Amino acid sequence: MLSVEEALEKILSYFHVLDAEDELILDALGRVLAEDIHSTIDIPPLDNAAMDGYAVQAQSTEGASPASPRILRVVGEVAAGYISRQEVGPQTAIRIMTGAPIPRGADAVVQFEDTDEEKRKTAGKTPSEIGILRQVKKGTNIRLAGEDISSGSLVLQAGTVLRPQEIGVLASLGREVVSVIRRPVVAILATGDELVDIKEPLTPGKIYNSNSYSLAAQVLRYGGVPQILGIARDSIEDLTGKIKQARDADLVITSAGVSVGEYDVVKTVLSQMGEITFWTVRMKPGKPLAFGILKLGKKRIPHLGLPGNPVSSMIAFEQFARPAILKMLGKKDYSKPVIVAKSESRIVNTDGRRIFARVRVTKRDGQYFARLVGPQGSGILTSMALANGLMIVPEEKQTVEEGEEVQVQMLDWNQDL
Ligand code: AMP
Ligand code: MG
């Protein structure tokens with residue numbers, strides 16, 4: 001039997017980072033940058049005012065105080081987005097708004113609060129003279145050209161995961177399109193005679209195909225593009241035909257048909273169409289797993305055969321398919337957040353497998369608690385809906401007692417829980 005780590009390592013060795021494509025910057029959110037971004041401009045492009053106030057020569061404010069204001073003639077006004085045509089001299093000032101380029105001659109900005117403008121303003125008009133109430137140094141309230149980004153500098157490195165702030169930086173450089181790693185296409189094929197599509201009426205003996213949808217949603221959540229191939233019946237012809245539709249995928253996921261004593265069709269077809277190994281992984285749920293390479297035309301596509309039970313397929317996806325998708329996307333960190341919590345349930349490990357127990361984590365008085373969400377049968381999908389984490393019971397641990405500290409792999413991560 002393979003450990004979870006051994007299975008993951010073998011699986012990941014078959015995946016590599018995909019090629020790059022150009023995307024509009026908003027579509028690049030969460031993706032991995034495939035080019036170094038150098039700036040061709042200074043940001044800000046010109047020295048500009050950090051405050052609303054008056055652009056002056058610092059020397060003309062010498063000795064200024066509320067008791068002894070320095071009176072300067074106001075020769076103009078400049079708003080953000082405009083270049084002042086006037087110049088500032090020793091006895092003059094220009095009224096200036098935040099972001100406006102500093103007029104020629106000026107070397108400081110005195111903010112409104114340090115002037116007597118309020119007193120002089122009549123009917124909202126700019127006064128013709130202004131009293132400066134405070135001495136300022138050269139450079140006061142001036143943002144220098146290039147202080148954020150200087151022309152020619154490396155701003156973002158290839159490999160960076162683009163968050164809203166990086167999207168903003170790209171926009172500030174005037175980039176509309178950026179090169180990012182392509183999203184992997186993940187084909188999903190459910191197998192089983194008992195399955196009915198959600199668009200069809202349920203007939204006796206049948207169940208709805210839920211796995212295709214939970215798996216497709218997981219693919220979406222981790223940044224892949226799901227391609228739902230529908231349901232293959234347990235017949236050689238149907239399964240062969242459906243699998244062939246996956247030829248453009250980067251990963252093929254099948255659900256069901258990999259356990260011991262399974263109706264043999266799935267195993268037969270997948271073995272005929274490529275190399276496949278059936279594994280038992282030392283984990284619960286999710287013990288039966290298949291992995292191989294499908295040969296579709298000239299293409300060789302990794303194939304992950306997940307167990308059919310709805311909980312098992314989701315948990316096995318989290319442990320094995322999610323890291324494969326993240327690797328293809330160019331991401332470096334495949335881990336989910338793991339926290340330490342006090343168990344509020346007693347768990348018995350009967351056969352030396354690593355248990356991923358569905359739990360609800362809560363936080364009280366700064367401490368995390370993890371409680372089993374109810375029956376842990378691997379067919380009980382609503383237990384996944386109630387859970388926000390998977391308690392990890394190590395292989396060698398026979399019982400987890402109430403009150404014991406345990407690790408929980410969080411399915412959802414919210415600091416406040
Ligand atoms: P199997 O792996 O084929 O032995 O299936 C294990 C269990 O999972 C059986 O109860 C199946 O009916 C169920 N199952 C298999 N495929 C699906 C699916 N796509 N959606 C929901 N349940 C499934
Ligand atoms: Mg079956």
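User: What makes up the secondary structure of this protein?

Analyst: In this predicted model, the protein has 8 helices and 27 strands.

User: Why is the protein called more spread out than a compact globule?

Analyst: The globule rule gives 22 Å for 417 residues, and the radius of gyration is 32 Å, well over that value, so the protein counts as more spread out than a compact globule. The C-alpha trace spans about 95 × 55 × 40 Å along the principal axes.

User: What share of the residues is buried, and what does that word require?

Analyst: Buried means under 20% relative accessible area. Residues that are buried make up 47% of the 417 in the protein.

User: Why is Arg163 called partly exposed?

Analyst: Its relative accessible area is 43%. Buried would need a value under 20% and exposed a value over 50%, so the term for what lies in between applies, partly exposed. Arg163 is placed in the loop between strand S10 (154-156) and helix H3 (164-172).

User: What makes the largest nonpolar core a core, and which residues have the most contacts inside it?

Analyst: The term requires buried residues of nonpolar kinds, joined through side-chain atoms within 4.5 Å. The largest such set has 43 residues, and Ile253, Leu289, Leu304, Phe317 and Phe320 have the most contacts inside it. Among the elements that give two or more residues to this core are helix H1 (4-12), helix H4 (211-221), strand S16 (251-255), strand S20 (299-306) and helix H7 (310-328). The largest share, 11 residues, comes from H7. A second, separate core of 20 residues includes Leu189, Ala232, Ile276 and Ile301.

User: Which residues does Leu304 touch, leaving out those up to four places away in sequence?

Analyst: Leu304 touches Ile11, Leu251, Val252, Ile253, Thr254, Leu289, Ala290, Phe291, Phe320 and Ala321.

User: How do you know how far apart in sequence the contacting residues are?

Analyst: Among contacts between residues at least 6 apart in sequence, 71% join residues at least 24 apart.

User: What lines the largest pocket, and how much space lies in it?

Analyst: About 440 Å³ of space lies in the largest pocket. The lining has 20 residues, with Gly30, Arg221, Tyr222, Leu326 and Lys331 nearest the centre.

How values were computed:
Residues are numbered from 1 along each chain as its sequence is written. Chains are lettered from A and ligands numbered from 1 in the order in which they are written. This is a predicted model: local features need pLDDT of at least 70, side-chain atom pairs count only at pLDDT 80 or more; totals for chains, interfaces and linings use all residues. Side-chain values use heavy atoms; hydrogens and water are left out. On a 1 Å grid over the protein atoms alone, a cavity is a set of points where a 1.4 Å probe fits but cannot get out, and a pocket is an open set with protein on both sides within 12 Å along at least five of seven lines; lining residues have an atom within 4 Å of a point. Grid points are joined across faces, edges and corners, and a volume is the space filled by probe spheres set on the points. Buried means under 20% relative accessible area, exposed over 50%, partly exposed in between (1.4 Å probe, protein chains only). Helices (H or I, at least four residues) and strands (E, at least two) are DSSP runs, numbered from the N terminus. Contact means heavy atoms within 4.5 Å. The radius of gyration is taken over C-alpha atoms; the globule rule is 2.2 Å times the number of residues to the power 0.38.
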